[in-house]
Amino acid sequence: MKRLINYIKQHLTLRLGLLILVIITMVFAVSFSISFYHTRQYVQKNAISHATTILDSTMLRVTNILDKTEKMTSDMENRIRHHVHPDSLLAYTRQMLEEHPDVLGFTISMKPGYFPEHGRFFSAYSLRQGDSITSVVEDIDYSELVWYKNSMEQRKACWLEPYIDNVEGELTSHEYNFSYTKPLFDENEEPVGVLCTDLGLKWLSQTVTAVQPYPHSSAIVLGHDGSYIVHPDTTKLVKASIFSDPDPQARQAVVPLGEAMLAGYTGFQELVVDGQDAYVFYQPLKRTGGSIAIVCPASDIFNEYNNLIYAVWIISVVGLLLLLFFCYQTIRRAVVPINQLARQAQRIAAGHFDEPLPHSNRLDTIGQLQNSFILMQQSLAKNVSEIQQINAEMEQHNQELIHANQLVHEADKRKTAFMQDMAHQIRTPLNIINGFTQVFSEIFNNIPEDELMDITSRMKSSAKAISHITRMLIASSNSDSQHTTERTTFPCNALCQEAVSAITLRHPDTVSIAVETSVNDTFTIYTDRQALLSILEELLDNANKFTTEGTITLGCRLADADTILFTVSDTGPGIALSDHDRIFTQFTKLDSFTEGIGLGLFLSRHTVHLLGGDLTLDNTYHPGARFCITLPTQ
C-alpha cells in the first residue's frame, strides 16, 4: 500500500486524473444536494427568523439607549445630591454633555424657592448646539411643565413623549426631544428638584433605522398613544399616528395592528403597505409605553426563493465551468512552485530575506528544489538578521549616551538654579536681621515698645525662615537613609486645629481658613505626630502663598475602616496638568519668583511614605488645588 501511494505521488499525470475524478464527484454531489434542499417553506421560515432577530437586535439597541440614559442620569444624581450649591449646578449640567456626546441637553431645576437668594425659580440648563455647548441659569416658571411636574408629583423617574422645547427662556433647542426625568432627593429622601436628560429624536431615529433585515425594509416606533416617534416619512413624526391613515381600506388592517402593538403584544402581521404585500414584525417598548416594528416587503423576503428556481438550471452550467476552472488550476499548480522560486530569487537579489517560502511535501524534483531553496534562504536570513541586530545594539548605545549627556547638562542647570535660588532665599531674611541689628546698636533706647515688638517679630520670622531652609536641606541630604519615626497615639481633630493655628494668613481680608472633619474629637490614630504636623503645615503654607481670595480648607475623614484621609484644598490658581508629576521632584519650583527652594513637597511625600501612606494631587479638583494624604490609622 505504501509503495502504491509513493508511485501516485511521483507521477503527475496519474495525480491529475484522480484529482479531476474527485472534483467531478464533489461538484455533482453538492449541486444535487443544494437543488433538493431549498424549499419555499424553509425560505419563509428563515426569513421570519431573520427579521425577528433583527427586530430583537434593534430592540436591544433602543434598550441600550434607555439604559445608558438612565444610568448616566443616576450617576449624575449621585454626584449632585452631595453638592447642591448654586455655583456648582451649572457646571454639573455642562459636565454631563462633555462626558456624554449623545446627550442633547441636561437640566437641573430646583424646587421653587430652594435658593431664595436667586429668586423663586432656579434652573441650570446646558444645550448642545452643533460642536459647542451653551450653559445658562434661567429664572422661568417651570413648575407646571410636564417634565418637571410628573417627576415631582409621582416621586419617580419617567420617560416623556417627544416634544419641542419652545418654552420662553434664554436657551431653547427648537427641535423634538426624547427626554428622561428623575427627581433629585435630599438626605431625607424628599424631592428638592428634577433632573431632565434630553436626547435628540433624530439620534433615536438613526439608531433604530441603522439595521435593515432587507434592502427595502423600514422601521417605525410608536408612542403610548400611537403617534409616530420614528417613521421613514419625517413629516408624520409626532404629528400623525398609526390610527390617522385617511384610506378606509388601509385602516381596516392598520387599526388592529396599532391596537395590538399598543396593547404590548409581540408578533407579526401580513398586510398591504403602499400597494405591496408586506410583513410587519413588532415588539413592545415597555418602559416608554410604546412599541417598535419593522416593515419588510414580501418581495424582499422571497427574493431568494424566486432566484432558487433559476439556480437549479444554472448549477449544471456552473458545474461545467467549475470543472474547467479546476482543471486549469490543477495544471497551473504544477508550475506554481517554480514561479514562486523565481519571484523569491528576485526579492533576495533586492535585499529582502524576510518572506520565506512554505515547505513542500512533494517528493518529485520540484518539491526537492523548493525545499533546498528554503534552506539557502534561511541561512542568508540568519546572517543578515545578526548584522541588523548588531547595528540596532550600536544605535541603542548611541542613544543611551546622548540621553546620559542630556541628563548631565540638565542636572548642572538645576544645580546652578538651585544655588542661586537658595542664596536669594537666605539673603533676604539675613538682610532683615542685619538691618534690625544695626538699628538696635544705634538707637535701641529710642525705639518705641510697639515698634520694638514688631522688629523682634520680624527678626524671629526671618530666623525661622532660615531655620526652615536649613532643616529642609538637612532632610534632603538624608532622604535616602533610614529614619526612625516616633509614633504615638493622638486625636486627629486636635492636630488639625494646631496646624491651622500655626498659619498666619497673608490676605486675611479676602481669605479664610477652616477645618472640615467628619470624625469625632475622640478619634485617634497611631503615627509620628510631629512629622504629620510638619507636613500639614507645609501644605497649608503653600496654599497660603498662592490663595489671594476664597478659602483654605484642611479636611479630615475616614477613607475606609483602616485608612485616614487628610486633604488641603484652596481656591488659588491651581496647578497645570503638565506640572502634576513635576511638583514632587526634588528642587523643582513652578515659579522662580515665589518663596521656597523646591523641597517642601518632595520631603513631605518622602515622609508620608516612611509613615506607610501616600501624598497625591487630586487631578479632579477645580478650581484651585487639593492635596490628599492617606495614612493607616494603626
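This is a predicted model: local features need pLDDT of at least 70, side-chain atom pairs count only at pLDDT 80 or more; totals for chains, interfaces and linings use all residues.
Me: At what angle do α13 and α14 cross?
Reply: The axes of α13 (residues 529–546) and α14 (residues 600–610) cross at roughly 150° and come within 10 Å. Axes are lines fitted to C-alpha atoms, for helices over the stretch in contact, and angles run from 0 to 180 degrees between N-to-C directions. Helices are DSSP runs of H or I with at least four residues, and strands are runs of E with at least two, numbered from the N terminus. The crossing angle therefore makes α13 roughly antiparallel to α14, a term for angles over 145 degrees.

Me: Which residues of α13 and α14 meet?
Reply: Ala531, Ile535, Glu538, Leu539 and Asn542 in α13 meet Gly600, Leu601, Ser604, Thr607 and Val608 in α14; contact means heavy atoms within 4.5 Å. This contact of α13 with α14 has five nonpolar, four polar and one charged residues. Here Ala, Val, Leu, Ile, Met, Phe, Trp, Tyr, Cys and Pro count as nonpolar, Asp, Glu, Lys and Arg as charged, and the others, Gly among them, as polar.

Me: And how do α12 and α13 pack?
Reply: The axes of α12 (residues 492–501) and α13 come within 9 Å and cross at roughly 45°. Leu495, Glu498, Ala499 and Val500 in α12 meet Arg529, Leu532, Leu533, Leu536, Glu537 and Leu540 in α13. By class, that contact holds seven nonpolar, no polar and three charged residues.

Me: Changing topic, where does the cis peptide bond lie?
Reply: The cis bond runs from histidine 622 to proline 623, with omega near -10°. Proline 623 sits in the loop between β18 (614–617) and β19.

Me: Which residue other than glycine has a positive phi?
Reply: Arginine 155 has a phi near 55°. Arginine 155 belongs to the loop between α5 (146–154) and β4 (158–159).

Me: Why mention these two features?
Reply: Most residues other than glycine have a negative phi, and most peptide bonds are trans.

Notes: Residues are numbered from 1 along each chain as its sequence is written. Side-chain values use heavy atoms; hydrogens and water are left out. Angles under 35 degrees count as roughly parallel, over 145 as roughly antiparallel, 65 to 115 as roughly perpendicular and the rest as oblique.
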